[in-house]
Amino acid sequence: MQEFSPSTLLVLVPLLPLVGAILTVLLGRQLGAKAHLPAIAGIAGAAAVAVMLLAATARDVGPAHGVHAEPVRPVEMIATLWNWATFDSAYAPPAGSPAADPHLTPQDLAAGKDIRSFSIPVALRLDPLTATMLTIITCVGLLVAIYSTGYMHDDPGYPRFFALVAMFVFSMSMLVAASNFLLVYVFWEAVGACSYLLIGFWFTKPEAARAAKKAFLVNRVGDFGLAIAVFLLWMSYGTLDFHDTISPDGVIMPGIFGQTRLADAAGYVGGILGTAICLLLLLAACGKSAQLPLHVWLPDAMEGPTPASALIHAATMVTAGIYLITRSAPLFAACPGALTIVSIVGATTALVAALIGTVQNDLKRVLAYSTISQLGYMFASLGTGTLLGFTAAIFHLLTHACFKALLFLGAGSVMHSMGGVIDMRRFGGLRRVMPITAATFLVGSAALAGVAPFAGFFSKDEILAALHAKAWPAAHGDHHAAAAADGPFQLARFAAEASHSAGSAVGLDALDRPETWQILFWMSLITAGLTAFYTFRAVFMTFTGPTRVPEGAHGHGHGHDDGHGHDSHAGHAAHAGHGGHAGNAHESYESPWTMTLPLVILAVPSALVGWLLFTTNWLSHFLSATPSLTAPAVASTATPHMFHMNLAIQGTLAAAIGIVIAAIGHLGRRSDGPQMERFLGPLQTLFANKFYFDPIYSALVVRPLEGLALVAAMFDRYVVDGIVDSIAGIPVALGGIVRRSQSGLLQRYALAGVMGVLAIVVLLAWQLRG
Amino acid sequence: MNTMQSLPLLQNALTVGAILFSLGLIGILTRRNLIVMFLAAEMMLQGISVSLVAWSRYHGDWGGHVLVIFVLTVAACEAAVALVFVLQAFSRTGRLDSAAWQSLREATVGRTVDHELPSIDTVPPRFPTLTPAGILPAADENEPLQREHV
Amino acid sequence: MTPLPFDPLASGPLLAGAVVATAASLWLLLPNGRDTSSARWLGTLLGLGALAAFILAGRRLGGVGEEAVFLIVSLVAVVSAAATIVSRSPVYAAIWFALTLAGVAGVLLVLGAQFLGVATIVVYAGAILVMFLFVLMLAQPAGLAPYDRVSNEPFLSALAGAVLLGVLSLSIGRLSAAPAPCCGVPSRATATPTAGTQPSSDVASESTTATVASSVAPAIDPLAENHVARLGGELFGRHLVAVEAAGVLLLVALIGAIAVVSRGEAAQAAAASPSAGRSAAR
């Protein structure tokens, strides 16, 4: 730490996994079964450096001051590596726009003094948000990589897998560390590419290839939104940098999230343009984070290897949308309507995904819908636009990364031991044969369900608190009277600006009413109950009831006895019609230590991190030093840190109801027996068909496009090709005329040659005549 | 400088050379027999030789003579090699026909065959007859004494 | 060398008539599969007419005897050449070709090339032609082969050849119109630097003095004494390398011919099946 400057360390975080990836690619064949070494070494180094950076940043931020949050000074460090693609005189902001330099007079502007160059500084930034994200990414990535050495050990694509994982960690680190929207876009695409490659890792499997294609195409929709948003940002602000830069002549060029602009309360574009930017950013986030219109790719992405699902599709990549919106908090703060849309999208997604999750029988798909649902939670929290909402979202992101990675890795452990079977109806009672997996899975489930005092309880409670504060501002008013005086004033001012601008933005802003937030709050609370239900349904189906294992599962034969009566095992197994496998019940199906160790490691933070971070209030204090969150519109909404007992009771009650219903339905029963869903009637059909999103998209998007493609193909084949072919037919026809002269007779050829020579001779004689 | 070095001799000799060359060219283009084609080629060489010597005479130097000597040499080489080829071709096809070799034609073009082949000459060849004298040698009547046609 | 007032070689109508007559005659005479005697007669008459036209177009030579000799030998050469290419039988063609060679040898002798005239007779008539006849004996089937009685594109070929002849004659006739090419050549022969290096310059400079650069006297006179000796001196002096190359060429041709024959026999022995012959024939 003493030898390395923070900027060097910051560069090391993405660099080490990149080197690891490249080495894995280059040496993969030589290393063979040791191909994981470069990748794991790189990710481990990155994780260590990230933790050091987190510590350094935390030291800069300073300790939390009790319960009363004071305005914190933004902490930011920029490391510019090089400038990429510089164009002079690329942009002259119109006078009066937020991009214009306020220090210049209109005469200066007319004289062209504000003409700026366009360049893309490859700059990395370090602030609390980035440090938190980097730590999550690298630590989860490290554990997943270690786990993968066991899970993937006999896969022919072993080196490829680790190269991709390291590549993903690199891309994701760059995404959260980049200090420029264009770089964010680049690595936004890069993580999408890694995701595509990892979903389609078993590309010979048609479902995997199809799922990879689907994920990529659905993500394109969101990426399109991000691209347009970046264009609009450039048009509006004249820069794509997050940070302030100082031009060679000493003028400070304000970055989008730079200190200069943050200090200026009116520094952000509102109105219809700002709302458009925010909604486009939201579209991008929806694509990457699998929110409601674009969520369809995530469940299918479970065709990829389970570690990849854990790493990318549960813990890290899908949080890119959360990160993006948190980073863009000042932009959203200027557009309350867009913020409300964020919450509506998030809460709806959370509810819909939870409903679908209740009837899934595929363990990984349950977790996938759970992921969508939890991400929806985070979006709902972000949409409140308050500091509490943003920090709660990141808090939930952190805890979710822990317990969802744990759950996925646990599911992978089950799948690994069950010979690739993931359908919960085909096995049961596994707690006796996979004790470590079962215990850690239970911890993760409790965290997901929001059972106190596990991690999810606290983060979910903060989200509910953020929503509650928006829904019933009066109830919270006494806690932050000063903030309330300032915050609504800000919002009202922006709303007034927006109403001057255009009507549609006003329409969106009209959504920002307590009634809306009350609905969203109740949706979230219902979702909490549903979450608890489907989580424990999965736990009960998988780990309780009679012990059954599917055909083809491979016991490790350690003779590890779980201490329960042999007779009951054998009896259950025989009763289940697997008499031939009765002996297997005595064997251990537990996974190797490389797989169980990460489970245990992840179980610890899943259980504890919520309590630790909540009671110390460290995370929210730390995050509030992020420059984006120090914008007046955001920072002014800071509320005193407190534990909302009534909300905790409500959340716990919802979770308890869910768990109880799940226990009634599934505890101790055969997992392939009749299930709860039979009570749902037609709703069950609706949920099982995932609200018919795929058929609707197919009918609305895919089929028309296919029809269009068919028309285009026909046009191409019969019109374009017809023209080309008929043009090509002309030389063929001409050739057919002279082809007959190709008789193969030597003397005819000689005659033709002689006549040609003769023509030349006659021509020469004619030219040279007297 | 005598009169033989005059322009008329040059022109006349060149005309003879041109006629020989043209006739040889026609022969090589029309005749199907490989041997006759060969003779026609040699005839073209003769036309060239005449022209060269005429020019040499006209200019009064040895160049044309020397060149004709080399033409003779090359013609001899050519004759040796080409006749071997002709023999090879004959042994493969049984014919001395240049049209027997058509495999380089376009795939869609059919093989060129002689459609209106003339019938065998109805006019029998006439050989000079001599007054019989001496004793008739005992000869096999079945064995022809001469070819029907040469 | 005053140009004639009437230049028959360059006169268009005469030449055009000669060309047309030549083409028609050869078209009629060439083997066409019909063998009608009237066509032959007509072709012969047209050929004679063409010949007459060419004789008319020719220049008058200096002496009567000289001209007669040239006329006779060239007529022999040309008529027998025409007969060579119109003969149905290759044997007849070979014999007519021998007569052509004799005529050519005569023309060469008239032109003063004594050695070449004799060499043509010896090399061609004595060696090459005999080789042709050997080959004919080996290869020619009994009777008249079908392919000897038809021609390949006789009309077009005859026309092309005749037009070529016309163009060549026209160009030859125009030689007089060009600035006399003869005058500068001897002086160039002595004026060029290479003239001093040529071994025959000693012989050539007998009648001239080296100091007179613009002498009109020819460097050599082919009709002078020791013709063959001087030709030999030229050949083995200035053109020695070329002679060596020609010798190598002869050797290569010899070896090549033997190699091709032996390999062809080996291939035939290897094939040894009638299908090979048939496939090759296709």
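**Getting to know the chains and helices**

Biologist: How many residues does the contact take from chain A and from chain C?

Modeller: This is a predicted model: local features need pLDDT of at least 70, side-chain atom pairs count only at pLDDT 80 or more, and totals for chains, interfaces and linings use all residues. Residues are numbered from 1 along each chain as its sequence is written, with chains lettered from A and ligands numbered from 1 in the order in which they are written. Two residues are in contact if their C-beta atoms, placed from the backbone, lie within 7 Å. The contact takes 11 residues from chain A and, from chain C, 12 residues.

Biologist: On the side of chain C that touches chain A, how many residues are nonpolar?

Modeller: Ala, Val, Leu, Ile, Met, Phe, Trp, Tyr, Cys and Pro count as nonpolar, Asp, Glu, Lys and Arg as charged, and the others, Gly among them, as polar. This side has three polar and two charged residues, and the nonpolar ones number seven.

Biologist: Is α1(A) roughly parallel or antiparallel to α2(A)?

Modeller: Helices are DSSP runs (H or I, at least four residues), numbered from the N terminus. Axes are lines fitted to C-alpha atoms over the stretch in contact, with angles from 0 to 180 degrees between N-to-C directions. The axes of α1 (residues 6–31) and α2 (residues 36–61) of chain A come within 7 Å and cross at roughly 170 degrees. Angles over 145 degrees count as roughly antiparallel, so α1(A) is to α2(A) roughly antiparallel.

Technical notes: Helix = DSSP H or I, 4+ residues; strand = E, 2+ residues; numbered from the N terminus. Parallel < 35°, antiparallel > 145°, perpendicular 65-115°, else oblique.
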